[in-house]
Amino acid sequence: METHIPTRQEAFDILNRYNSNESLIRHALAVEAVMRYMARKNGEDEEKWGVIGLVHDLDYERFPEEHCRKSPELLREAGWPDEYIRAVVSHGWGLCSDVEPVSVLEKTLYAIDELTGLVTTAALVRPSKSVLDMEAGSVKRKWKDKRFAAGVNREVIEKGAAILGVDLTQLITDTILGMRTVAREIGLEGTG
Ligand SMILES: [Fe+2]
Ligand SMILES: [Fe+2]
């Protein structure tokens, strides 16, 4: 039997079947965009990286207590391959799963997931309210301020950068550049 390769449309449809919260959908789109950007940068399979990014929090809105445990069920029912499901679950390593990120795709997802949240909050407190004219310094200045975007776990991001073997500032820059490609869709285009 041939392996089923989920399309972007399938990923978008299943995301919308289980999610209606606008900020969660924007988060999914932001993570997708950064994964696509990173795939292009590394010469990897952009479609695969993007699709996994889009569904990585599939179960969170409806099954918050079973985050990372419900997604595999939902994706398996939809015929998704194990490789995709493993990557989805590994984003919650040490938080809601014990599946360690191993591939470059998995490590990237782990490293950028929380970071997109920090970039979003840092963009929204800027006069422009935009990622389009934002640089890594805006995020770095907020790094040690624990009250700023208090829900964002900085240690996870630092651990992600370490396992990926990339410099934190570079990771922040890449995340911003990836998010810029969907600035309008994620509400970070600014007021203009
Ligand atoms: Fe998550
Ligand atoms: Fe997430």
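**Contacts and iron sites in a predicted model**

Colleague: Where does the charged end of lysine 70 sit?
Modeller: The charged end of lysine 70 sits over the ring of phenylalanine 63, 5.0 Å from the ring centre. Keep in mind that this is a predicted model.

Colleague: And lysine 142, what does that lie over?
Modeller: Lysine 142 lies over the face of phenylalanine 148. The distance to the ring centre is 4.8 Å.

Colleague: Next, ring against ring. How many aromatic pairs does the structure hold?
Modeller: The structure holds 2 aromatic pairs. One of them is tryptophan 80 with tyrosine 84, in an edge-to-face arrangement. Their centres are 5.9 Å apart, with 85 degrees between the planes.

Colleague: Is tryptophan 80 buried or exposed?
Modeller: Tryptophan 80 is buried, at a relative accessible area of 4%. Tyrosine 84 is buried too, at 5%.

Colleague: On to the metals. What are the protein donors of the iron ion (ligand 2)?
Modeller: The iron ion (ligand 2) has His27 (NE2), His56 (NE2), Asp57 (OD) and Asp113 (OD) as protein donors. They lie 2.1 to 2.2 Å from the ion. Along the chain the donor spacing reads H-x28-H-D-x55-D.

Colleague: Why is the arrangement around the iron ion (ligand 2) irregular?
Modeller: Look at the angles. The 4 donor atoms subtend 84 to 176 degrees, so the arrangement counts as irregular. A tetrahedral label would need all angles between 85 and 135 degrees.

Colleague: And the iron ion (ligand 1), what are its protein donors?
Modeller: For the iron ion (ligand 1) they are Asp57 (OD), His67 (NE2) and His91 (NE2), lying 2.1 to 2.2 Å from the ion. The spacing here is D-x9-H-x23-H.

Colleague: How far apart are the iron ion (ligand 1) and the iron ion (ligand 2)?
Modeller: The two ions are 3.8 Å apart, and aspartate 57 coordinates both. Aspartate 57 and histidine 67 are in the loop between α3 and α4, 10 residues apart. Histidine 67 is buried, with a relative accessible area of 14%.

Colleague: Back to the iron ion (ligand 2). Which residue coordinates it and the iron ion (ligand 1) as well?
Modeller: Aspartate 57 again; it coordinates both ions. Aspartate 57 lies in the loop between α3 (46–55) and α4 (70–77), while aspartate 113 lies in helix α6 (residues 104–124), so the pair ties together parts that are 56 residues apart in sequence.

Colleague: Is aspartate 57 buried or exposed?
Modeller: Aspartate 57 is buried, at a relative accessible area of 17%. Aspartate 113 is buried as well, at 9%.

Colleague: Switching to cysteines. How many disulfides does the count come to?
Modeller: The count comes to 1 disulfide. The bond joins cysteine 68 to cysteine 96, with S to S at 2.2 Å. Cysteine 68 is in the loop between α3 and α4, and cysteine 96 is in the loop between α5 (82–90) and α6, so the pair ties together parts 28 residues apart in sequence.

Colleague: What about the relative accessible area of cysteine 96?
Modeller: Cysteine 96 has 24%, so it is partly exposed. Cysteine 68 is buried, at 5%.

Colleague: Last topic, charges. How many salt bridges does the structure hold?
Modeller: The structure holds 13 salt bridges. Among them, arginine 36 meets glutamate 46 at 3.2 Å, N to O. Arginine 36 lies in helix α2 (residues 22–42) and glutamate 46 in helix α3, so this pair ties together parts 10 residues apart in sequence.

Colleague: What does arginine 36 form with glutamate 47?
Modeller: Arginine 36 forms a salt bridge with glutamate 47, the closest N and O atoms being 3.2 Å apart. That pair links helix α2 to helix α3, across 11 residues.

Colleague: Is arginine 36 buried or exposed?
Modeller: Arginine 36 counts as buried, at 14% relative accessibility. Glutamate 46 is partly exposed at 25%. Glutamate 47 is partly exposed at 39%.

Colleague: And arginine 147, which residue does it form a salt bridge with?
Modeller: Arginine 147 forms one with aspartate 145, and the closest N and O atoms are 3.8 Å apart. Arginine 147 is exposed, at 76% relative accessibility. Aspartate 145 is partly exposed, at 29%.

Colleague: Which residues do salt bridges with shared partners join into one network?
Modeller: Arg8, Glu32, Arg36, Arg40, Glu46 and Glu47 are joined that way.

Notes
Residues numbered from 1 in each chain as written. Chains lettered and ligands numbered in written order. Predicted model: local features only at pLDDT ≥ 70, side-chain atom pairs only at ≥ 80, totals over all residues. Heavy atoms only, no water. Phe/Tyr/Trp six-rings, centres within 6.5 Å; stacked < 30°, edge-to-face > 60°. Buried < 20%, exposed > 50% of the residue type's maximum accessible area, 1.4 Å probe, protein only. Lys NZ or Arg CZ within 6 Å of the ring centre and 35° of its normal. Donors = N, O, S within 2.8 Å, 3.2 Å for Na, K, Ca; no water. Tetrahedral: all angles 85-135°; square planar, octahedral: opposite > 155°, others 65-115°. Helix = DSSP H or I, 4+ residues; strand = E, 2+ residues; numbered from the N terminus. Disulfide = S-S within 2.5 Å. Salt bridge = Lys/Arg side-chain N within 4 Å of Asp/Glu carboxyl O.
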